[in-house]
Amino acid sequence: MRRVAVIGGGISGIATTFYLNKAGVPVDLYESAPAIGGRIGSERMGGRWLDFGGKNIGRKYRRFREFVRDTGDFPFEYFGFNTSQVIDGKVVSLTKEGRQLSNLFGFLKLAGPKGVSMLYPWVRAIMKDNAQGMLRTSFFNDIAGRFDHVSLADYFPRRCANHLIRPVTVRMNGAEPDECYPGNFGSNLALVLDSYEQLKGGMHQLLEAFADGRSGDLSIRTGHRVERLDRCDSGRGVTVAYTCNGQGGSITYGRVISALPAVQLSALLGGSLPEAVEILDRVRYYPVSVAIAAYRDNVFPKEQRAMVFDSTSPLSNAGAYGIHDLDLVRYTFSGKAARVQINPESKAEDVILQAEKKVLPFFSIAGNIRTSMIYKYLSPGLCAYSPFHHKLFSELQQSLASFSGLYVTGDFRRGASIEACFAAAEETVKHLMTGELF
């Protein structure tokens with residue numbers, strides 16, 4: 001088969017390239033940044049590579065773990081699930097490290113009896129079939145059809161929405177419960193129900209091996225910013241117009257797969273397919289800021305490694321970078337308060353000082369000297385999908401049917417988790433190989 005262009009070198013583009021190469025298809029992977037990785041990219045701090053994006057790997061991430069095995073020998077280490085928040089003036093903790101009875105009482109405090117009873121059928125559906133924990137599945141399409149006229153904030157009791165739903169949506173989607181919808185919440189619940197590990201060497205080591213191990217079947221074109229995707233005059237094929245080092249160029253491919261966020265794909269199609277642009281622009285993205293700070297001494301005790309904060313705080317979550325990195329804090333800023341108080345021009349020092357003040361009552365920050373830090377403001381940040389998302393996606397399929405050779409994957413197809421991005425990429429490559437539309 002002729003070469004296929006994949007647009008976007010984030011996790012969706014990497015997954016798409018992986019499946020195309022496994023099928024024997026050569027790939028040109030376009031990425032505007034100097035290195036692949038996108039929102040799971042890494043930065044160097046104090047001689048060590050640290051991951052900004054998704055680095056927690058679920059035990060049920062079958063597809064991603066296959067990718068890791070095929071790329072090399074990369075051992076995992078336990079990360080676990082450990083978080084706390086303040087409710088009615090008291091710290092309530094949840095952990096998967098024993099304490100089952102304590103967890104049950106903690107869950108009841110977070111959700112309340114009515115919230116638990118409403119969530120139970122959804123949890124049961126995912127536990128019976130983990131595939132239901134992605135976007136556009138049969139169970140949650142039915143939920144969407146019945147309930148997506150209201151937000152999660154309206155659907156669930158206030159206590160449940162504030163203390164159980166919000167910590168999940170604001171962390172995973174950058175969105176408040178009143179900005180998220182029942183039909184998409186299975187993608188969040190699946191993450192909550194999983195257990196987690198991390199790569200000992202981090203994502204950087206894995207992606208570096210993936211890039212270094214490429215053959216003639218893979219050309220990684222970093223520093224290539226795709227400006228437009230145009231239909232060929234013949235009506236078959238896609239022209240990729242790009243700039244690199246200030247110079248423009250274009251290449252025509254028989255098939256192109258976009259692995260970009262919906263908002264970025266929309267920008268590339270503006271002159272070619274305005275009806276698809278209108279649909280893509282209905283997929284919501286919210287900015288997120290992430291800071292990683294190192295301190296002289298441990299900040300966290302092993303039994304309490306994270307804290308989530310309420311809607312008045314721009315800091316949504318503060319947690320240990322890893323189970324053995326109790327002196328490294330990962331601060332996440334998302335939600336409405338963060339959007340008001342933090343912008344691309346905000347100074348990193350000011351943002352982190354604000355976070356340190358917030359965590360002061362809970363962790364060992366006072367007198368603990370900060371030795372280094374790194375900070376990123378990401379926009380587009382986290383995907384929060386759309387109400388009736390399964391119908392939106394069907395509309396998009398119909399709209400793109402006239403654009404011969406263009407296929408679409410990304411964080412809005414099956415969900416924003418690493419595993420969901422791999423599932424979406426696998427599905428898209430199967431469609432391409434069998435000649436199915438989209």
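A residue is called buried under 20% relative accessible area, exposed over 50%, and partly exposed in between, with a 1.4 Å probe and protein chains only. The model is predicted, so local features need pLDDT of at least 70 and side-chain atom pairs count only at pLDDT 80 or more, while totals for chains, interfaces and linings use all residues. Residues are numbered from 1 along each chain as its sequence is written, and side-chain values use heavy atoms, leaving out hydrogens and water.

Asp28 is found in strand β2, where strands are DSSP runs of E with at least two residues and helices are runs of H or I with at least four, numbered from the N terminus. Asp28 counts as buried because its relative accessibility is 4%. Its contacts (heavy atoms within 4.5 Å), not counting residues up to four places away in sequence, include Arg3, Val4, Ser219 and Tyr253. The side chains of Asp28 and Tyr253 also form a polar contact of 2.7 Å, a term for a pair of N or O atoms within 3.5 Å in which, within protein, one must be able to donate a hydrogen and the other to accept it, residues adjacent in sequence counting only if both atoms are side-chain atoms.

The open sheet has 5 strands in the order β10-β2-β1-β14-β20, with parallel pairing, which requires at least two DSSP bridges between two strands. Strands β10 and β20 each have a single partner strand, so one side of each is left without a neighbour in the sheet.

| Strand | Residues |
|---|---|
| β1 | 4-7 |
| β2 | 27-31 |
| β10 | 218-222 |
| β20 | 406-408 |

Strands β1 and β2 are joined by 4 bridges, and Val4 has Val27 as its bridge partner in β2.
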